[in-house]
There are 2 protein chains.
Amino acid sequence: MKKVISQATIDRLPLYFRTLRLVEEEDMQIISSDELGRRLDITPEQIRKDLATFGQFGRKGIGYDVRELKDRISNILGLQNKWRLAIVGVGHLGGALANYVNFASLGFSVVALFDNNKKIVGTEVNGIKINSVTRMKKIVAEKEVDIGVITVPAAEAQSAADLLVAAGVKGIWNFAPAKLSVPPTIPLVNEDLSVGLSALSYHMSQD
Amino acid sequence: MKKVISQATIDRLPLYFRTLRLVEEEDMQIISSDELGRRLDITPEQIRKDLATFGQFGRKGIGYDVRELKDRISNILGLQNKWRLAIVGVGHLGGALANYVNFASLGFSVVALFDNNKKIVGTEVNGIKINSVTRMKKIVAEKEVDIGVITVPAAEAQSAADLLVAAGVKGIWNFAPAKLSVPPTIPLVNEDLSVGLSALSYHMSQD
DNA sequence: TTATTATTGTAACCAATTTCACATTTGGGA
DNA sequence: TCCCAAATGTGAAATTGGTTACAATAATAA
């Protein structure tokens with residue numbers, strides 16, 4: 001199963017998935033690419049092309065089986081893995097992510113928190129104890145952490161990434177506005193909020 | 001000034017901007033596309049092409065004037081506007097954004113907070129009072145809010161957007177995992193965190 | 001002054017992505 | 001049974017985005 005799926009398609013799959021879950025709750029068993037597109041503002045052709053990337057399982061003249069499509073997308077995205085997250089940097093954003101309920105519904109769980117501020121080490125957020133970053137290796141192993149989430153200031157982001165990689169995480173989700181260097185075997189996704197906000201500013205300035 | 005700049009380019013401009021600020025602090029007056037690219041893992045050709053979209057102001061054989069390039073990008077992104085934000089939904093994420101320092105350094109400021117939970121209306125976060133959503137129109141006008149930030153649950157996101165539009169905001173930054181309908185004159189940027197996290201999951205699942 | 005090196009700007013090419021057009025399949029109704 | 005309407009799947013065309021190659025320019029050193 002080594003079919004390449006484009007990044008553009010991968011970024012749309014979560015949207016399909018979330019819509020299929022809603023549709024399922026409405027007790028729809030079958031959905032057409034047209035209806036799915038209408039709900040997401042994506043053309044039906046685009047959706048069919050995306051889905052065709054990983055085999056054909058729609059039924060001509062009918063549409064797609066909601067349950068089957070949803071499960072298939074979930075598998076492609078690897079959501080069956082129930083990834084375990086550790087958050088490094090328990091400031092406002094890190095704390096918010098530790099409490100973020102939408103993760104749980106996708107099968108992700110926050111299992112560890114790290115900070116280098118002695119004042120908060122030992123306290124708990126959402127029932128999870130904050131540890132010193134010096135204990136990262138031990139705790140990442142113990143708690144079987146898969147994903148490291150970086151919510152430290154930009155200047156400290158690279159060293160947080162280095163510690164996470166050394167501790168053995170399999171992927172990194174970076175919120176710091178900084179370019180990180182990690183081994184090519186470790187997937188890295190950047191979630192720099194200022195990019196989106198700046199893009200909004202740009203569009204608001206045009207007319 | 002009606003030159004079209006591609007979304008791909010717009011999304012890279014904030015990265016250039018942030019790097020130029022760092023470079024400026026290092027007292028560099030001139031930077032080459034090569035050096036800028038090295039710091040961001042973007043090819044120098046790509047950078048030159050992006051910058052060429054809005055005129056030529058590099059100097060052949062020399063490079064780009066750091067200050068000038070930074071100011072120019074700031075203007076293109078509309079950051080000189082000092083946009084004023086209102087956050088709707090003061091849960092964990094909304095609260096974190098109300099405290100987020102990186103905004104201020106880009107010239108954005110949070111000037112109003114709204115929630116429909118009576119228990120928190122009247123309290124303050126980061127010195128900003130939480131108002132009832134019923135007072136949105138009045139307060140958006142009073143505080144001269146430009147941008148509405150949506151951090152309510154998905155099911156309430158559309159009505160939050162409707163209220164913001166009715167109150168006169170000029171743009172919307174949406175964190176709820178939902179597709180919003182807004183008038184085409186109102187720029188909308190979606191910041192669905194589950195998209196990035198799912199993409200990370202996908203890449204981690206590949207062999 | 002002239003050659004050399006560094007570096008931009010851009011045209012031409014190539015790759016990725018999206019849109020278009022349509023053949024094909026399915027179920028339902030006459 | 002046969003036709004029609006509703007859909008998918010997909011090749012081809014169009015568009016968008018990225019890479020390559022190189023001419024042009026500027027500073028510096030010989």
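How do strand 5 and strand 7 of chain A pair, and over how many bridges? Strand 5 (residues 109-115) and strand 7 (residues 128-132) of chain A pair in the parallel sense, over 3 bridges. Here, two strands pair if DSSP finds at least two bridges between them.

## Before we start

This is a predicted model, in which local features need pLDDT of at least 70, side-chain atom pairs count only at pLDDT 80 or more, and totals for chains, interfaces and linings use all residues. Residues are numbered from 1 along each chain as its sequence is written, while chains are lettered from A and ligands numbered from 1 in the order in which they are written.

Helices (H or I, at least four residues) and strands (E, at least two) are DSSP runs, numbered from the N terminus.

Leu113(A) stands opposite Ile130(A) in strand 7 of chain A. Strand 7 of chain A also pairs with strand 6 (residues 124-125) of chain A; these two run antiparallel and are joined by 2 bridges. There, Glu124(A) stands opposite Lys129(A).

Strands 6 and 7 of chain A make a hairpin with 2 residues between them, and Asn126(A) in the turn has a positive phi of about 55°. As background, strands of a sheet pair through backbone hydrogen bonds, either parallel or antiparallel.

Chain A is assigned two domains, domain 1 (7-79) and domain 2 (82-196), with bounds from an automatic or database domain assignment. Their C-alpha centres lie 31 Å apart.

Chain A has an open, antiparallel sheet of 3 strands in the order 1-3-2. Strand 1 (30-31) and strand 2 (58-59) of chain A are the edge strands, each pairing on one side only. Strand 1 of chain A is joined to strand 3 (residues 63-65) of chain A by 2 bridges, and Ile31(A) has Tyr64(A) as its bridge partner. Helix 4 (residues 66-76) of chain A lies across strands 1 and 3 of chain A, at about 70° to strand 3. For such angles, axes are lines fitted to C-alpha atoms (for helices over the stretch in contact), and angles run from 0 to 180 degrees between N-to-C directions.

## The seven-stranded sheet of chain B

Over in chain B, 7 strands form an open sheet with mixed pairing, in the order 5-6-4-3-7-8-9. Strand 5 (124-125) and strand 9 (188-190) of chain B stand at the edges with a single partner strand each, so one side of each has no neighbour in the sheet. Strand 4 (residues 109-115) and strand 6 (residues 128-132) of chain B pair in the parallel sense over 3 bridges, and Asp115(B) has Ser132(B) as its bridge partner.

Helix 8 (residues 154-167) of chain B packs on the sheet, touching strand 3 (84-88), strand 7 and strand 8 of chain B, and its direction makes about 165° with that of strand 7. Chain A reaches over too: helix 9 of chain A lies across strand 7 (147-150), strand 8 (171-174) and strand 9 of chain B, at about 160° to strand 8 of chain B.

## How the two chains meet

A rotation of 180° with 0.0 Å of shift along its axis superposes chain A on chain B, with an RMSD of 0.1 Å. That is the relation of a two-fold axis. Of the residues of chain A, Ala96(A) comes closest to the axis, at 3.1 Å (C-alpha).

A residue counts as near if its C-beta atom, placed from the backbone, lies within 6 Å. Helix 3 of chain B gives the largest share of this surface, 6 residues.

Around DNA strand D there are 28 residues, with Gly58(A), Gly61(A), Ser6(B), Glu45(B) and Gly61(B) coming nearest. Here the largest share, 6 residues, comes from helix 3 of chain A.

Key: Contact = placed C-beta atoms within 7 Å. Least-squares fit on C-alpha atoms with pLDDT ≥ 70 in both.
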